[in-house]
Amino acid sequence: MNFLRYTVSRLFWSIFVVLGVVFVVFLVSNVVPSDPAALWVGPKATHSAIQAARERLRLDRPILVRFGYFLKDLLRFDLGTSIRTHNPVIEDIRKALTATFELLLLAEFLAVGLGIPLGVLAAVKRNKWFDNLSRIFAVAGVSLPSFWYGMILQLLFFKWLGILPLSDRIDTFVSLIHPFEEKTGFYLIDTLLARNYVAFFDVVKHLILPAITLAAYPLGLIMRQVRSMMVEVLQENYIRTAFAYAIPEKKIYFGYALKNAIAPAMVTVALSFAYTLVGAFLVELIFNWPGLGRYAANAILSMDYPAIVGVTIVASVSYVLINFVVDLIQAKIDPRIRF
């Protein structure tokens with residue numbers, strides 16, 4: 001019952017936060033000094049065309065009425081029409097999100113797959129050279145900006161070594177010679193479904209540099225968290241007893257100790273996923289990745305307010321949703337949080 005009450009409470013506050021974000025974003029988009037109607041019809045528009053666009057975009061209505069229409073459309077997953085592309089914003093975002101999530105999921109896979117074992121090994125080798133080196137790497141991953149990592153990797157692997165591509169999701173020549181149908185929007189999956197292995201390996205090559213760049217922050221965060229929790233767990237009496245009974249060290253570290261240290265680390269993983277979603281915007285600009293970040297940048301440069309509002313709302317709702325799930329996981333793992 002306590003968990004159900006806690007869930008309802010967190011859900012209420014999450015909805016309240018989302019509504020607050022929606023209102024603030026709508027308000028800011030309507031007080032910025034510009035004319036969306038003029039942007040909609042183009043630079044050579046007549047006065048009558050601009051007036052017709054104002055009526056179509058409901059700009060001739062009071063702001064509270066427009067907000068009511070905006071909420072009504074939002075409940076139907078209608079984010080309006082892009083001024084730049086003249087396509088539904090929700091459709092543009094859907095296409096961009098697949099590219100972003102493909103990059104994001106690979107980055108998180110690298111961060112979790114490397115961060116947990118490296119954090120365990122750092123705790124086992126506490127205060128030795130590997131531990132000191134891993135801590136330097138973790139602090140660098142958390143503190144240094146992602147655009148610096150991205151440019152260094154581009155210089156190293158593209159300009160100097162010439163073994164990895166600079167930008168985009170797939171080489172234009174490969175996409176023309178070896179085309180494939182975009183069924184899911186995830187190129188790794190689509191190329192495998194089409195058994196197009198030439199395009200698949202080209203997509204993998206294009207993913208490596210942006211995924212490593214995006215994984216730097218969550219990797220450092222996970223390493224630090226796992227190491228910290230493992231150091232505490234390894235000092236517990238039951239771990240010492242396990243060593244006294246000559247149980248294999250690998251089973252003690254990864255079977256007993258990690259099981260008790262992983263719960264707080266999983267919360268860190270979930271929160272880093274939410275942060276990485278926002279951090280992907282800058283990485284996408286560096287690598288010209290056709291995801292949500294590049295779409296948002298183009299919308300800002302062209303003052304495409306429906307697209308800007310749509311991206312902001314989608315990013316905010318994703319962040320709130322992930323935090324809501326993290327709160328429930330914490331409450332399930334540690335009942336004290338419910339009180």
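Visitor: Does Tyr 149 count as buried or exposed?
Guide: This is a predicted model, in which local features need pLDDT of at least 70, side-chain atom pairs count only at pLDDT 80 or more, and totals for chains, interfaces and linings use all residues. Residues are numbered from 1 along each chain as its sequence is written, and side-chain values use heavy atoms, with hydrogens and water left out. Buried means under 20% relative accessible area, exposed means over 50%, and partly exposed lies in between, with a 1.4 Å probe and protein chains only. The relative accessibility of Tyr 149 is 18%, so Tyr 149 counts as buried.

Visitor: How many helices does the protein chain have?
Guide: Helices (H or I, at least four residues) and strands (E, at least two) are DSSP runs, numbered from the N terminus. The C-alpha atoms of the chain fill a box of roughly 85 × 55 × 35 Å along the principal axes, and 39% of its 339 residues are buried. The chain has zero strands, and its number of helices is 14.

Visitor: Among contacts between residues at least 6 apart in sequence, what percentage join residues at least 24 apart?
Guide: Contact means heavy atoms within 4.5 Å. Among the contacts in the protein chain between residues at least 6 apart in sequence, the share that joins residues at least 24 apart is 70%.

Visitor: Which helix gives the largest share of the lining of the second largest pocket?
Guide: On a 1 Å grid over the protein atoms alone, a pocket is an open set of points with protein on both sides within 12 Å along at least five of seven lines, a cavity is a set where a 1.4 Å probe fits but cannot get out, and lining residues have an atom within 4 Å of a point. The second largest pocket has 23 lining residues, with Val 18, Leu 74, Phe 77, Ile 313 and Val 317 nearest its centre. At least two lining residues come from each of H1 (2-31), H4 (63-75), H5 (89-124), H12 (249-286) and H14 (305-333). The largest share, eight residues, is supplied by H14.

Visitor: What volume does the largest cavity have?
Guide: The structure holds one cavity of 30 Å³ or more. Its lining includes Asp 168 and His 206, and by class that lining has five nonpolar, two polar and one charged residues. Grid points are joined across faces, edges and corners, and a volume is the space filled by probe spheres set on the points. For the largest cavity, this space is about 40 Å³.

Visitor: Which residue has a backbone oxygen 2.8 Å from a polar atom of the side chain of His 206?
Guide: His 206 is in helix H10 (residues 197-233), and its relative accessible area of 7% means that it is buried. Beyond its neighbours within four places in sequence, His 206 is in contact with several residues, including Asp 168 and Trp 289. The backbone oxygen 2.8 Å from the polar side-chain atom of His 206 belongs to Asp 202.

Visitor: Near what value is the phi of Asp 168?
Guide: Most residues other than glycine have a negative phi. Asp 168, in the loop between H7 (146-160) and H8 (172-177), is partly exposed at 29% relative accessible area. Its phi is positive, near 70 degrees.

Visitor: Is the pair of Trp 13 and Phe 16 stacked or edge-to-face?
Guide: Rings of Phe, Tyr and Trp (its six-membered ring) pair if their centres lie within 6.5 Å; planes under 30 degrees apart count as stacked, over 60 as edge-to-face and the rest as tilted. By this rule there are 10 aromatic pairs. The ring centres of Trp 13 and Phe 16 are 5.6 Å apart and their planes are at 85 degrees, so the pair is edge-to-face.

Key:
Ala, Val, Leu, Ile, Met, Phe, Trp, Tyr, Cys and Pro count as nonpolar, Asp, Glu, Lys and Arg as charged, and the others, Gly among them, as polar. A polar contact is a pair of N or O atoms within 3.5 Å; within protein, one must be able to donate a hydrogen and the other to accept it, and residues adjacent in sequence count only if both atoms are side-chain atoms.
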